[in-house]
Amino acid sequence: MSANERSGGTSTAWVDASHVSTSSVVNVRGYVDNRPKDARDVERAKGVYVPPSVDEARAHGDATQPRQLNERGQLTGFSMLDQNLDLGVEFSPGVQGYFLVVKALALLFLALFALNVPVMFINYTSTYYASEYEADPLRGTPPVVEEGRPSPTFHSWYVDWHWANPMSASLGTVAPDNVPQREWLVAGATSGVLRWSSSKIQYLRFGVVMDIMGSVIVAIVAPIIIILLNQTDTALSRGTVTLRDYTVLVSGLPSDVNEEEVRCFFALKYGMVADVTLVKTECRQVNKQRLRLKLMEDYDEAEAALIANGNRGGSGAKDAIEKRIIKLDKKLARIKSRTRCKRVSAFVTFEKEETKIECLLRNRRSWFAYVFNFPRKERFRTKVRFLVRTAPEPHDVKFENLNMSNKVWRRLAVWLAVSAIVCFCYLFLRLLVDEKEKRWHSASMNGQLLADEIGIVIVKDRGELTRDAQASQFKTACQTRLNECGVAFSSGTRFAGVPWGAPPLVFYTDPMADDHDRAYGQQNFVKDMKLCAGEPKRCPVSEDMAKCYVCHCASQSYGLPDAVVKPYNKAIRDACEPYVENGPGEYYQWLWNSFCIVLMNQILTMVVPALAELERFKTHAQTHVRKTELILIAKYVNVALIYPLLNANLTQAAKYMPLLKQIFRLRGEYPDFEPEWYNDVGLVIFFVVMLSVTFDVIRRISTDLYTKLRRKIGVATAKTQKKLNEAFEGPELDIGTNCGDIAFKVLLVLTFSSSMPLLYLVLAMFFVLTYIYDWHLLLHVCRRPERMKISIVKYVIRVLLFGVGMHCLLGFWMWSYHWAPDVFKPKDISESLITKHSPLAYAIGGLDYNPLHNNSMLLDTVRATGSATEYFLNYHSMNIGRITDGDSIEGPPRVPVRFVERPWSETGMPFMVMMITVVGASLLWWIAYKIQHLGTAKSKIIADRKNLPHLHNAIAAGILVGSTTD
C-alpha cells in the first residue's frame, strides 16, 4: 500500500504478480463462491493486488453510522447539543426510551440523595453522650474533663470512623441499644454553631420519615415514566410508516409451498398482495452459512496479503482456511440431506393497510377454535391450518428461528444453565467468606510487634515453651505499668483498672449507675488508652501512659486463659485490632471480596447473554428482554442474596427454613444488621456498586478508544476492502446488555440504600456519566443501532417499582434493629426483649465473671491506699483469675432478634405499611389492566389502523421507514 493510500488518497497502487509462477496466478478454489465480485476481486483472481481505499471505507462508515446532511450537502455527524434531534424518528422508540429512562433515573437518584442529606448530616456531625455521669445533655455542653483527656463522645469511642469512610454516614454508625439512650448534641462540623439538642429516637423517626418519602417518590415516578414511554411509543408508531403496517406473518405452511402459491391464496381471499417472502431454512443452516461467509472473507484477506507480499511467506494460512470451508460445506450437505422443515413461515405484504387488518381479523382464533373449529374453506389447500399474526419489524426478525417451535425444554435448559452458573458463583463466594471467617475466629496477636512497642526483647524458637516464656516477659514488663494505667485513667466517680490477665474493668461509685454505664465505661476506657497511644500529649498524668494500650493488648493475648479467649475472641480482636495477626491482605479483605464479586459479575455479563440465544426467540426484542432478565437475576442473586446470607447467622430462624440452612449454613458472623455488619458486608456491597460503576464507565471509554485504534490498525493492516470497511463501521451500542446492568444496579441500590444513602449519589453520578457517554457513543462512535421496541426499557422501570418493595423490606429490618416505641402500645425500652440480657453478658468473661462490685469496699480501699489497684487485683483473682485452661465457659448470649416487636415499632410499621401498599396497588393495577383488556384483541387490531396510502405510493412518497429505506 502506498503512502498516499495510507493517508486517505484516492490513487491506486498495483502490485503485479504476473512474473510469479503460474500456480500462484491461477486462482483455483476448492469451494464454490457465489458472492458478487468487484474490480478488486477480479484483479486478485488474476494475481494482482489492489489496495483497499480509505475513502471508500470512510464512505461505508458514514453509511452505517448516524449522519446528517449539512448546508453544503455533505454528510456530518450529529452534534451532542442538537436540540432538534428526534431520537425516536431518527433511530427508534427503544433508543429514545433508553435515554429518557437514564435521564429520569439520574434526576430521581439525585433527588433521593438530596432528601437524605439532612439525615446523613445529623448522623455524621452528632455528638452522642452515653452516660449522664460524664455530660449534661440538658445544657448541651461538653463535659468538663482533665486537660488532655479525650471527650467521651459517641463518634470517638463506638466506631473509629474516618471522614472518607463511605459508611461514616450510614445507619451503622448509630449506637446500638445496649448503649444508654441519652441525648444527642447536633452541631456544626467545625464551628460549633447552630447547636440544638435531640435524641436518638427523634433521629430514627426523622430518618424513617425521609426514607418513606423517598420510597413514595419512587413509587409515584415509576408509573409516570411508564406512561411517558407508552405515549412516546404510541406517538412514534402512529407517526412512522414501516413494512410492518402492511405485512402479516403466516406460520404453519407446508414445506413444499412456493411464493406464487401463497400469493395467490391470500390475494384471492383478502386482496392484492405486494410481496411474499418464504422462510424455509432452519437455525443450524443459517448459522453455518454465516460462519461460511466469515471464513470466505478471511480467505480473501489471507489471499490478498499473500499477493501483496509477492507470494512470500507461504500460503499456509490461506490453505488452512480453505480446508475449514470445505469441511464446513460437507457438514452443511449432511445437514441439508437429513433436515427438512416440516412447516415454513411466510411474510405476506399487502398493497393496502385495510387488507392486512381484514386478514388479521378473519384469522383471529383461540387455541380451541384453531384445533376444532377451523373451517376447511379457510385452510391452506383446504387441509393445512395456519396462524396469522402481525409481522415484526424486518430488522427485528431472527429468521433462523422462525420455523422453530417454542419448546418448554429450551427455556428450562436456559434456566438450569443459569442456576448452574449461580451455584458456581455460590461456591466461589463461600470460599471467600470461609477464608474471612477463619481469620476472624482467631484473636492471636503479633508478639514481636507488641514487644517492639513495649521496648523488650522476647525469646524465640524454644518450641512449646516459647509462648510461656514470652508471657512471663510481657507480664514482668507490663504488670506494674497496667496498675498505674488504671489509676491514671480514673476520674471522679469512675474507677478504672486493668490488672494483668483481666479484661478492662470500670466501676462507678454512684449508686444510680447500672450495667449499661459499666459496659459503656469499659469500652470507653479502651478507647481512651488507644487515643493516648496515638497521641501521647493527650495522655493523663504523663506521656508514659502511651504504653497502656499495648500492655493491655499483651495482657489480653498472653494473660487471659484460653478458655476465655476462644469464646470471646471477637471482643478481644475488636479491642486490639492494630496488633492482631492479619492474614495476607486481611486488612483490605473487603476490597478483595468486592473486586472478586465485580469480576465475577463482569464474566456473567459476557456469558449469560449467550444463554438467551438458546431459547431461539423469533425476534431480537424478545432476546434482548430475556438477556436483561438473565443478567439482572444472576448478578443480583450473587450480591444481594448469596453473599449476605453466607455472612448471616440466623440460627434462631433456621429451624423454620431447613433447606436454606442446609445451603447457606446460616451460621455466619452477623445475626442482624448490627453496626459491625456495615463495616464488613455493607462495605463490600458499597464497593461492589462503586467498582461496577467504575468498570462500566471504563468499558465505555475503552469502546471509544478501541474504535479509533481499530481504524488506525485497519488502515495499516487490512488487505481487502471488506476488512477495512468493517474497521470503519464502529461497534454496536448494546442497549440490551446496558439495560441489564442498569436494572441490576437500580435494584441493588434500592435494596440496601435505606441504611446506606450514599449509594444514591454513586448511582446518580453513574447515570449522569452513562447518559453523556452513551450519547457520545451513539452519535459519534457506534454504528446506527437497529430499530428496537420500547419493551426492554419498560422492563427497567418495572424493576424500579419492584425495588421499592425490596427497599421497604430491607429498610424495615435495618431501621427496626434500633429500638423504638410501639405504635399501638407505647412501652419503655426496659420492657423490650433488648433488656433480656445484661450488657455485661457480652463483656469478656460474661456476666458470671463480671459480677457486681462492692462500692463500700472499693471506697475503703481507695481511702486506705490512695488508689483502687488492690481492689481490682482482688476482684480479678476472685473471678476470671480462677479460670484455668481446662475449664469450659459459654460465649456471649445471642442478641434477641425481636420478631414480635419490630413490625409494630415506630421504625418498622411505616415500612410494613408502605410495602403492603406498593404490593397491593401493583396487584390491583395488574388485575384492573387484565380486566380492562379482556376480549379487546379485535378492537386493538382495528385501533392500530393508521389510514395509510397504498404501499407503492408510500414508497414513492418516501414516507416508508424500514431496514432498506432509512
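Analyst: Helices (H or I, at least four residues) and strands (E, at least two) are DSSP runs, numbered from the N terminus. This is a predicted model, where local features need pLDDT of at least 70 and side-chain atom pairs count only at pLDDT 80 or more, while totals for chains, interfaces and linings use all residues. Residues are numbered from 1 along each chain as its sequence is written, and side-chain values use heavy atoms, leaving out hydrogens and water.

User: Got it. At what angle do α17 and α18 pack?

Analyst: About 125 degrees, with the axes of helix α17 (residues 515-534) and helix α18 (residues 548-558) 7 Å apart. That makes the two oblique; under 35 degrees would be roughly parallel, over 145 roughly antiparallel, 65 to 115 roughly perpendicular, and the rest is oblique.

User: Which residues make the contact?

Analyst: From α17, Val526, Met529, Lys530 and Ala533, and from α18, Cys548, Tyr549 and His552 (contact means heavy atoms within 4.5 Å). They divide into five nonpolar, one polar and one charged.

User: And how do α25 and α26 pack?

Analyst: Helix α25 (residues 675-717) meets α26 at about 165 degrees, with the axes 8 Å apart. The two are therefore roughly antiparallel. Arg710, Arg711, Gly714 and Val715 of α25 touch Leu724, Glu726, Ala727 and Phe728 of α26. That set splits into four nonpolar, one polar and three charged.

User: Switching topic: how many salt bridges are there?

Analyst: The count is 37, taking a salt bridge as a side-chain nitrogen of Lys or Arg within 4 Å of a carboxyl oxygen of Asp or Glu.

User: Which residue does Asp298 pair with?

Analyst: Lys723, with the closest N and O atoms 2.8 Å apart. The pair links distant parts of the chain: Asp298 sits in helix α10 (residues 283-308) and Lys723 in helix α26 (residues 721-729), 425 residues apart.

User: Is Lys723 buried or exposed?

Analyst: Buried, at 18% relative accessible area; buried means under 20%, exposed over 50%, partly exposed in between (1.4 Å probe, protein chains only).

User: What about Asp62 and Arg67?

Analyst: Their side chains form a salt bridge too, 2.9 Å from N to O. Asp62 is partly exposed at 25%, whereas Arg67 counts as buried at 19%.

User: Which residues are linked in a network?

Analyst: Salt bridges link Asp33, Arg35, Lys37, Asp41, Arg44, Asp300 and Glu303.

Terms used
Axes fitted to C-alpha atoms, helices over the stretch in contact; angles between N-to-C directions. Nonpolar A, V, L, I, M, F, W, Y, C, P; charged D, E, K, R; others polar.
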